[in-house]
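Visitor: I am new to this structure. Please show it to me and take me through a few of its parts.

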Amino acid sequence: MRPKHVWVRTYYEANAKKLLQSYKFERVRSASQIISEAMMEVLPFLSSNTLIVPVPTATSRVRQRGYDQAILMAKNISKNGSYDYSHAVSHLYQSRQVGASRQLRLAQLKDAFVVTSPGKVKGREILLIDDVVTTGATLEAMTQVLKKSGAKKVNALIFAQKQ
């Protein structure tokens, strides 16, 4: 099950790639604001019923970085757009997806997410926030778990897309 709409700010190349790599791997937390503002430029008007939900990062990556990059981006977008925010979904597994094929990603993501705040999700329009989309497998898995928990509609806003 795919999100209804997916808005992507840019391709994962050149300056966008450098910016994300410094944000995720060199712990340049201040890049969050720059990335979030750029993402907001492609976001259309959303319903006041919209709930901003970050795509959760594996806890092992959060421990390495000291933060979850999607949470920081989602909080910025929520604040700047005056939308509700909830860390409503948790990631249950630690599998690494970098370099994995679409089939392997889909298999790794089966039952990988759980809605921890179903009351916040039910009847809401959800806007998923993530940094990079490659195959769309994560967005599909997130959409499925959110729809099963009663989300009215699921959309996604992504900073960069790998080609």
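Guide: Both faces of β2 are covered, with T50, I52 and P54 buried on one side and L51 and V53 buried on the other. Buried means under 20% relative accessible area, exposed over 50% and partly exposed in between, with a 1.4 Å probe and protein chains only. This is a predicted model, where local features need pLDDT of at least 70, side-chain atom pairs count only at pLDDT 80 or more, and totals for chains, interfaces and linings use all residues. Residues are numbered from 1 along each chain as its sequence is written, and side-chain values use heavy atoms, with hydrogens and water left out.

Visitor: Which residue in β6 is the bridge partner of I52?

Guide: Strand β2 runs parallel to strand β6 (residues 125-133), and five bridges join them. Strands are DSSP runs of E, at least two residues, and helices are runs of H or I, at least four, numbered from the N terminus; two strands pair if DSSP finds at least two bridges between them. In β6, I52 is bridged to L127.

Visitor: Which residue in β3 is the bridge partner of I52?

Guide: Strand β3 (residues 84-85) pairs with β2 in the parallel sense over two bridges. In β3, the partner of I52 is Y85.

Visitor: Is T143 buried or exposed?

Guide: T143 belongs to helix α7 (residues 137-148). Not counting residues up to four places away in sequence, T143 touches M1, R2, P3, L128 and V154, where contact means heavy atoms within 4.5 Å. With a relative accessible area of 1%, T143 is buried.
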